[in-house]
Amino acid sequence: MGDTVAQERDGDVSVGQLLLAEYQTIKDEQKTRIGFRDNLLYVTLTVVAAVIAATAQAKQPAMLLALPPVCVVLGWTYLVNDEKISAIGAYVRGDLGPRVAQAARLAAADKVFAWETAHRSDARRRSRKAVQCGIDLLAFCVVPLAGLLVYWASGKTSPGLVGLSVVEALTVVGLGVQVVVYARPFS
């Protein structure tokens with residue numbers, strides 16, 4: 001026992017220290033991803049406003065065909081980051097927390113990093129998830145589909161661009177399905 005304490009004093013790293021360093025590293029990654037993810041909504045709103053303004057100014061409804069690819073790329077990036085944020089939380093709850101508790105010889109593993117589970121038990125969590133799913137669908141799917149509807153209804157279409165717009169619509173719908181499947185707002 002005395003040798004272990006002496007080794008730690010001499011610069012050796014304990015398992016507990018390694019686990020806490022891992023925790024700090026992945027929480028830093030989670031924090032960075034949260035900031036990036038949240039900024040994607042602002043970027044999407046800015047791009048949508050710019051495309052709509054440019055379309056109105058140029059009176060060229062075909063410019064609205066820029067909305068679906070931009071919204072799909074930003075929406076997919078948002079979704080992937082959100083999934084990684086959730087995966088980090090699940091890892092801390094299900095793997096890292098219990099290992100830290102074991103290394104610290106704690107009886108109650110659920111008390112380690114308790115915030116990782118406490119915030120998930122809020123009575124309004126399900127309704128917040130449903131609202132967030134609706135916001136994600138609105139920002140990344142409904143807006144570009146509305147742009148396509150305006151283009152189709154404009155009377156200024158061409159066969160090639162109509163074909164492209166149909167492919168874009170299918171892509172946006174595919175993203176919408178992924179948003180709902182990932183969010184599981186009613187489960």
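## Helix packing

The axes of H5 and H6 come within 10 Å and cross at roughly 175 degrees. H5 and H6 are therefore roughly antiparallel to each other. In their contact there are 19 nonpolar, two polar and three charged residues.

This is a predicted model, in which local features need pLDDT of at least 70 and side-chain atom pairs count only at pLDDT 80 or more, while totals for chains, interfaces and linings use all residues. Residues are numbered from 1 along each chain as its sequence is written, and side-chain values use heavy atoms, with hydrogens and water left out.

Helices (H or I, at least four residues) are DSSP runs numbered from the N terminus. Axes are lines fitted to C-alpha atoms over the stretch in contact, with angles from 0 to 180 degrees between N-to-C directions. Angles under 35 degrees count as roughly parallel and those over 145 as roughly antiparallel.

| Helix pair | Angle | Axis separation |
|---|---|---|
| H3 and H5 | about 165 degrees | 8 Å |
| H3 and H6 | about 15 degrees | 10 Å |

The H3 and H6 angle makes H3 roughly parallel to H6. H3 passes H6 in a left-handed crossing (the near helix is turned anticlockwise from the far one by less than a right angle). On the H3 side the contact (heavy atoms within 4.5 Å) includes Trp76, Leu79, Asp82 and Ser86, and on the H6 side Glu168, Leu175 and Tyr182 are among the residues. This contact has ten nonpolar, four polar and three charged residues; Ala, Val, Leu, Ile, Met, Phe, Trp, Tyr, Cys and Pro count as nonpolar, Asp, Glu, Lys and Arg as charged, and the others, Gly among them, as polar.

The crossing of H3 and H5 is also left-handed. Leu67, Leu74 and Tyr78 of H3 are among its contact residues, as are Asp136, Phe140 and Leu148 of H5. By class, ten are nonpolar, three polar and one charged.

## Largest pocket

The largest pocket holds about 1000 Å³ of space. Its lining consists of 30 residues, with Arg37, Asp82, Ser86, Arg125 and Lys129 nearest the centre. Helices H2 (15-58), H3 (67-103), H4 (115-118), H5 (125-153) and H6 (159-183) each give two or more residues to this lining. Eleven lining residues are nonpolar, six polar and 13 charged.

A pocket is an open set of points on a 1 Å grid over the protein atoms alone, where a 1.4 Å probe fits, with protein on both sides within 12 Å along at least five of seven lines; lining residues have an atom within 4 Å of a point. Volume is the space filled by probe spheres set on the points, which are joined across faces, edges and corners.

Notes. Parallel < 35°, antiparallel > 145°, perpendicular 65-115°, else oblique.
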